[in-house]
Amino acid sequence: MKSFLAALAAIALLATQGCAPTGSDCSVASPDGRIHLTFALNSEGCPSYAVTFDGDTVVRPSLMGFEVADPADPDFHSGFSFAARPAMESVDSVWVPVWGENDTIVNRYTALNVRLTKKSSSGADRLLNIAFRVYDDGIAFRYIFPAQGSDSLVITDEYSQFAMPSDLTAWWIPGDYDTQEYEYNRSRLSEIRSINEGTDKLGNVSQTGFSPTGVQTSLMLKGSDSLYMNIHEAALVDFPAMHLDLDPSTLTFRSWLTPLPDGTKAVVGLPFRTPWRVVMIGDEATDILASDIIYNLNDPTPYDDTSWITPVKYMGVWWEMITGKSAWSYTDAENFDLATFDYSKARPHGRHAANTANVKRYIDFAAANGFDQLLVEGWNTGWEDWFGKEKEFVFDFVTPYPDFDLKELNDYAHSKGIRLMMHHETSGSIPNYEQWMDSAYSLMDTYGYNAVKSGYVGNILPKGENHYNQNSVRHYLNAIRRAADHKIMVNAHEAVRPTGLARTYPNLVGNESALGTEYQNMSTAHETILPFTRLKGGPMDFTPGIFRTDLGSFAPGNKEHKRATTANQLGVYLTMYSPLQMAADLPEHYMEKPDAFQFIKDVPVDWSESRYLAAEPGEYIIVARRDKKSPDWYVGGVANEPLDYQLSLSFLPAGASYEATIYADAPEADALTNPEAYVITTSTVDSSTVIPVHMARGGGFAISLKKQ
Ligand code: NOJ
Ligand code: CA
């Protein structure tokens with residue numbers, strides 16, 4: 001019966017797909033038949049697409065194309081005709097990620113490949129191909145410029161539109177060429193302009209807004225309770241990052257590329273494939289969280305050997321500097337030339353955290369508690385002369401401070417079974433980092449480092465460049481590729497937001513590219529939005545695990561209180577997937593709560609299966625995941641406002657019993673007024689068990705389910 005119904009559905013699908021005899025428009029459907037994409041050339045030869053979901057319009061007819069730097073004929077978006085009959089194709093395959101939320105990923109879609117041509121007053125015919133893919137969880141398209149006329153094209157604008165079906169609710173951050181470190185706004189599309197104009201821009205050291213109606217991707221959208229959408233891009237290679245600019249009068253977004261210093265957007269060698277423009281679509285919020293469309297749109301990895309890429313749980317000599325308890329720098333000296341400055345003659349200020357004795361203390365703790373690595377920031381010279389100075393040469397990435405014994409500390413870590421994690425703060429000076437990169441990676445080889453946290457704080461140098469333009473995008477990928485030559489994993493902060501490139505380059509194990517824990521006091525909604533937005537492109541080094549929330553209690557002068565309960569900080573290890581997870585707090589704070597710390601020690605960072613059980617952007621996320629190395633399951637949740645949830649364990653295999661350890665908010669817990677109140681209980685459970693969980697404001701829960 002089932003196969004008869006499936007055959008009927010397939011016939012129905014075929015009947016609604018195909019191209020009009022005139023070739024003027026074509027329609028393709030997702031494999032499950034729920035999403036339809038129509039491509040058309042209008043009477044002026046302008047390409048456009050539109051999308052329906054279960055018969056309802058979700059993207060109204062939206063124009064496509066470019067403008068190029070050719071005074072004789074800049075138009076690359078009208079006057080087209082078909083160069084060939086559009087071709088359709090069905091693809092159904094499975095691939096195995098090196099790390100991830102699931103051990104296999106299904107890549108199933110219907111493709112429509114369009115080839116366009118136009119006569120140009122500037123000489124040779126213009127050629128533009130558009131590849132569409134329609135998945136069960138969304139649609140995507142990319143432009144392909146075949147070889148033509150010249151060797152390269154200078155793109156001055158992209159005109160991809162996303163015409164929204166109605167005044168949707170959006171979770172958005174302001175469009176910016178340099179930073180994503182913002183709190184999210186939730187509003188109707190029509191309210192974006194007024195809120196954006198009034199937004200406090202947080203005073204990041206590098207931020208460049210471009211329009212009061214500009215927003216960033218990934219942009220989470222909601223229509224009714226049965227329509228969730230998300231606009232992002234995939235496979236951002238050799239091209240500027242795409243922002244969106246809204247025309248409030250038509251509720252239509254258009255792509256807005258980050259410019260080069262000369263104001264043009266990109267210089268592309270031909271032939272060239274742009275990144276994919278993607279609209280995820282689902283009728284449940286959990287569909288967006290579970291969508292693999294971004295990874296599916298990226299190329300398979302070209303790496304022959306990926307055995308050196310491993311998930312990493314780490315601690316860091318880090319939070320003590322972030323909170324102001326201690327410093328990255330070694331002295332109070334300023335305004336010097338690193339090449340000639342003599343550190344051995346400078347008087348240390350006595351607050352340098354990355355000193356040999358302190359690092360050994362962390363190594364002892366991290367090794368004793370089963371961590372893989374210890375990040376050490378402030379190990380290298382230059383920090384005195386860094387912040388906000390916009391100097392070209394601040395760091396050489398190879399010279400340790402006098403009180404950091406590079407060899408002794410690495411040997412000590414290795415003797416205890418862990419590695420140190422390298423840190424490269426580039427100070428935004430890309431030419432300086434490019435120049436030192438090979439020596440920096442070679443130094444890592446010499447001492448046995450296999451992972452680097454890099455960072456791009458401040459304006460990108462030389463001046464005029466931006467974090468998200470084509471030049472910077474090229475650099476970030478170059479750093480990842482060159483690291484791979486040394487079998488080094490990369491976690492880049494302040495780099496461009498991820499777009500699924502970790503499928504192709506799985507040594508890209510983390511990025512920041514959003515407001516992370518180092519902001520200390522983000523809203524209680526933030527963690528319930530990031531998995532719908534920033535995480536759609538790839539893992540975030542969010543650095544959870546803060547147990548002591550009154551930061552002034554150990555870092556005098558710090559007035560911040562982290563707005564998260566202890567159970568929330570455990571739940572985040574589940575709700576924010578990353579193969580790289582930090583336990584960010586200080587060893588002494590974990591020693592105060594060894595029972596809660598046990599969960600951080602236990603929780604895996606690589607999974608064979610994940611099930612998003614319930615979610616609503618800005619409100620709550622609950623997910624269950626099965627360990628890649630054992631039959632054990634783990635469940636986690638985070639909530640913005642207090643929430644009681646009946647957790648059914650029906651995802652467990654029938655007949656098996658598990659020992660559950662439940663880490664929950666105490667009834668009186670509250671992220672703002674009583675964040676450290678938690679209760680831990682144990683019980684024996686099976687697939688018929690329902691566990692009632694209470695989550696506080698800014699709260700959460702975490703459960704380990706160990707098979708008996
Ligand atoms: C910003 C990074 O996000 C943070 O984690 C790091 O500690 C500082 N830069 C210093 O590089
Ligand atoms: Ca940062």
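Predicted model: local features only at pLDDT ≥ 70, side-chain atom pairs only at ≥ 80, totals over all residues.
Biologist: What makes the approach of Glu512 to ligand 1 a polar contact?

Modeller: A polar contact needs a pair of N or O atoms within 3.5 Å. A polar side-chain atom of Glu512 is 3.1 Å from an oxygen atom of the ligand, so the pair meets the cut-off. For Glu518, the distance from a side-chain N or O atom to a ligand oxygen atom is 2.5 Å.

Biologist: Which residues around ligand 1 come nearest?

Modeller: Of 13 residues around ligand 1, these are Glu377, Glu425, Lys453, His493 and Glu518.

Biologist: Why is Lys593 called buried?

Modeller: Buried means under 20% relative accessible area. Lys593 has 8%, so Lys593 counts as buried. Lys593 sits in the loop between α12 (587–592) and α13 (594–602).

Biologist: What does the side chain of Lys593 make a polar contact with?

Modeller: Its partner is the side chain of Glu676, at 2.6 Å. Beyond four places in sequence, Lys593 is in contact with Phe547, Thr566, Glu676 and Tyr678.

Biologist: Why are α8 and α9 called roughly parallel?

Modeller: The axes of α8 (residues 430–447) and α9 (residues 470–485) cross at roughly 5° and come within 11 Å. Angles under 35 degrees count as roughly parallel, therefore the label applies to α8 and α9. Residues making the contact include Tyr433 and Met437 of α8, and His475 and Arg482 of α9. By class, the contact has 6 nonpolar, 3 polar and 3 charged residues.

Conventions: Residues numbered from 1 in each chain as written. Chains lettered and ligands numbered in written order. Heavy atoms only, no water. Axes fitted to C-alpha atoms, helices over the stretch in contact; angles between N-to-C directions. Helix = DSSP H or I, 4+ residues; strand = E, 2+ residues; numbered from the N terminus. Parallel < 35°, antiparallel > 145°, perpendicular 65-115°, else oblique. Contact = heavy atoms within 4.5 Å. Nonpolar A, V, L, I, M, F, W, Y, C, P; charged D, E, K, R; others polar. Buried < 20%, exposed > 50% of the residue type's maximum accessible area, 1.4 Å probe, protein only. Polar contact = N/O pair within 3.5 Å; in protein donor to acceptor, adjacent residues only side chain to side chain. Near = heavy atom within 4 Å.
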